[in-house]
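Student: I have a model open and want to learn how to read it. Where do we start?

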Amino acid sequence: MPDALQLMTNLTAATLTGDTPYGLIEDAAIGVADGRIAWVGRREDLPQDLAGGTPRDMGGRMVTPGLIDCHTHLVHGGDRAAEFEMRLNGASYEEVARAGGGIVSTVRATRETGEEVLLREALRRADALIAEGVTTLEIKSGYGLDIETELRMLRVARGVMAHRPVRVKTSFLGAHAVPAEYKGRDDAYIDEVCIPALRAAHAEGLVDAVDGFCEGIAFTLGQIARVFDVAQELGLPVKLHAEQLSNLGGAAMAAGYGALSADHIEYLDTAGVAAMAKAGTVAVLLPGAFYTLHETQMPPVKALREHRVPIALATDANPGSSPLTSLLLAMNMGCTLFRLTPEEALRGVTANAAGALGLSDVGTIAEGQRAELAAWDIAHPAELSYRIGFNPLHSRIFGDLA
């Protein structure tokens, strides 16, 4: 028996492995040792040499992998509540922009906010996700758009992991928008700010992946490719905000770089789906932004299924287009708005979300995986997507059970 084995019993395990729905194991047992899953299976099949582990009765609850939010912008200064109210009172996009709204307001607020305050506010948002069973989350930069603030954002993102029992993966998103001081000089911004900031962040050990926004209101395929070329040179994986408002071929381009994920993708065409399938690129759907922006163009879920592209779900938590810090609500939205099944939604915030972050040691309940789990007061996994505004989490396990 492994040293200090802890044994969870009296539970149903949704392992997300195998060929059965949800990978369900009734009357299961899960052994945990040294922060890893040492054994999982039916309790009656528990090996005799493991039966002496320190027991933990789970009270008949459902245990799933810990949830993973694979696309967030948790670190930022200020909020956009006033802009939200202006729009509802009839202001146009141009009127909001002239009043200092939009992404430029978040960039200004983030540049003016110190590291301590950015961390405090990011922890508040992270706490909301952790309270819903999230054990891994991704955090992007992209509201600094200068070298100093981009680095500050990434340091704060790393700081979230230092202050909370959660795993954080960081994405450099310097190619998010063109700041006001570079208006009309997009290429100069890429050369003089974005790429130097990426190199500096990599040198400081702050980057796990490189992201970009390929869109008519953001950057072209060629500009994103220049950033991705540097990412490849530095040995960093890439991902992309693609096909959110139009079809520029960003997802296919990113797939050509072996991208971990292409995110949003409402306007993705069949050729883009095929390219993602060939590259193993995960499709990350973001129903919070779809809802907030009153979008009507649905992501091509049927084509993604037909080409067996893994589908993930995330909050896209940000102050403008998706002020959402509930992954459970994102699951419900994924089912209600995009017609995902509850099983697809759960896989979308566990196994497939792990793939979108390049992780292979979380997202399922299997031997050797990290013991990052969530126990729920539910009878069936579909309840996680079914309820709206209700959190059935009983406990979250991050490492050893104690």
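Tutor: Start with one pair of residues. Ala 14 stands opposite Leu 24 in strand 2. Keep in mind that this is a predicted model.

Student: In what sense do strand 1 and strand 2 pair, and over how many bridges?

Tutor: The general idea comes first. Strands of a sheet pair through backbone hydrogen bonds, either parallel or antiparallel. Here strand 1 and strand 2 pair in the antiparallel sense, over 6 bridges.

Student: In what order do the strands form the open sheet?

Tutor: The order is 3-2-1-4-13-14, with 6 strands and mixed pairing. Strand 3 (36-42) and strand 14 (393-398) each have a single partner strand, so they stand at the edges and one side of each lacks a neighbour in the sheet. On average, neighbouring strands of this sheet are turned by 35° against each other, direction ignored.

Student: Next, backbone angles. Which phi does Tyr 22 have?

Tutor: Tyr 22 has a positive phi of about 60°, although it is not a glycine. Its place is the loop between strand 1 (6-14) and strand 2 (24-33). Tyr 22 is buried, because its relative accessible area is 6%, and the cut-off for buried is under 20%.

Student: Where is His 264 placed?

Tutor: His 264 sits in strand 10 (residues 261-264). This residue is not a glycine either, yet its phi is positive, about 85°. His 264 is buried, with a relative accessible area of 2%.

Student: How do I read a helix?

Tutor: Think in turns. An α-helix has 3.6 residues a turn, so residues three or four places apart point the same way. Now take helix 5 (residues 147-163). Its 17 residues reach 25 Å from first C-alpha to last, close to the 24 Å expected at 1.5 Å a residue.

Student: Which residues of helix 5 are buried?

Tutor: Among them are Leu 151, Met 153, Leu 154, Val 156 and Val 160. The buried set also includes Glu 150, Arg 152 and Arg 158.

Student: What covers the buried residues of helix 5?

Tutor: The cover includes helix 3 (103-111), helix 4 (115-130), strand 6 (134-140), strand 7 (167-175) and helix 6 (186-203).

Student: Last, cysteines. How many disulfides are there?

Tutor: The test is two cysteine sulfur atoms within 2.5 Å. The count is 0 disulfides.

Technical notes. Residues numbered from 1 in each chain as written. Predicted model: local features only at pLDDT ≥ 70, side-chain atom pairs only at ≥ 80, totals over all residues. Heavy atoms only, no water. Helix = DSSP H or I, 4+ residues; strand = E, 2+ residues; numbered from the N terminus. Buried < 20%, exposed > 50% of the residue type's maximum accessible area, 1.4 Å probe, protein only. Expected span 1.5 Å × (residues − 1). Contact = heavy atoms within 4.5 Å. Pairing = 2+ DSSP bridges. Axes fitted to C-alpha atoms, helices over the stretch in contact; angles between N-to-C directions.
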